[in-house]
Amino acid sequence: MSQHTLQQTPVRNGRDRQVGFARLVAFEVRKLVDTRSSLAIFAVLAVIAVALVVGLAVVGSGQGTPVTFASLAGSIGLFTALAMPLIGILGMTSDTAYRTTLVYYPLLRGRTAQFWAKVLAAAVLALALQVFVFLLSAVVAAALAGAGPGAAGAFDGVGQELATGLASCLLSTMFGVALAAAIRRTALAIVAVILVSLVGNGLILTLLPDASGYLSTITALGALIGGPDTPTALEVASSLTLWYLIPLGIGWWITEKSEA
């Protein structure tokens, strides 16, 4: 090889090897579904969703109450409140279990893009599970309604239910993402989400009833549902700041300052 050829050969610098944001998101999605434990978790969540929807349909039919898409998709709020944060936690804490981390990190220009790719990947998979619940509810509602005169009524209020369900899904997922970003340990984050969701909110309501709207984790969900006890905008802003923005900011700061 001549000296001229060597001089004409383009040299790839570090910037040329940087990973784009879309590839980062795709890689984080793959990290969430590319292990046997992750696949097992998603399979369990899907089975639980099927059992809940079918069980609610059977009970409703047995009691003679109308079984509609809205009643099925809207009756599994507890499943959404617990399952979606779990996806967010897995998305934010999956690095320690992935073998390509040592190859992957040196290709990153900074950790900010990877941090937000994790957030987006968790949201994508949580929405996929929510869409699965919607499709399942639609199939069961259509099957029970049949071709009779009540078939059209089986899908009354579908637009409102879709919007509320998707918003609730994202809020629940981001709750898990935020706590996991700050805690940075999968098991501790799962325990924290369960304790805060099942015990903490009850204690806040019991001990500080006048301030529960400002301190509870479910204030924003209450605003989505509406009704006579709809929280004020200030209460929603306070809850989102306390349980979403502050832990997410702490997690982002820790990620930026930590070594790859």
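Which helix gives the most to the lining of the largest pocket? I found that H8 does, with 8 residues.

**Entry 1: basis.** I worked from a predicted model, in which local features need pLDDT of at least 70, side-chain atom pairs count only at pLDDT 80 or more, and totals for chains, interfaces and linings use all residues. Residues are numbered from 1 along each chain as its sequence is written, and side-chain values use heavy atoms, with hydrogens and water left out.

**Entry 2: largest pocket.** I noted a volume of about 870 Å³ for the largest pocket. A pocket here is an open set of points on a 1 Å grid over the protein atoms alone, where a 1.4 Å probe fits, with protein on both sides within 12 Å along at least five of seven lines; lining residues have an atom within 4 Å of a point. The volume is the space filled by probe spheres set on the points, which are joined across faces, edges and corners. I listed 36 lining residues, of which Ala-81, Ile-218, Leu-221, Gly-222 and Ile-225 lie nearest the centre. At least two lining residues come from each of H4, H5, H8 (158–183), H9 (186–207), H10, H11 and H12 (233–257); helices are DSSP runs of H or I, at least four residues, and strands are E runs of at least two, numbered from the N terminus. I recorded the lining as 15 nonpolar, 18 polar and 3 charged residues, where Ala, Val, Leu, Ile, Met, Phe, Trp, Tyr, Cys and Pro count as nonpolar, Asp, Glu, Lys and Arg as charged, and the others, Gly among them, as polar.

**Entry 3: Ile-218.** I placed Ile-218 in the loop between H10 (212–215) and H11 (219–225). Ile-218 is partly exposed, at 46% relative accessible area; buried means under 20%, exposed over 50%, and partly exposed in between (1.4 Å probe, protein chains only). Its C-alpha atom is separated by 9.0 Å from that of Val-236, 18 residues apart along the chain.

**Entry 4: Met-84.** Leaving out residues up to four places away in sequence, I found Met-84 touching Phe-79, Ala-126, Leu-129, Gln-130, Cys-169, Ser-172 and Thr-173 (contact: heavy atoms within 4.5 Å).

**Entry 5: record.** An unreviewed UniProt entry lists "transmembrane region" for several spans, including 115–142 and 236–255; such annotations may be inferred rather than shown by experiment. In the model, residues 115–142 are 100% helix, with end C-alpha atoms 41 Å apart. Residues 236–255 are 100% helix, with end C-alpha atoms 27 Å apart.
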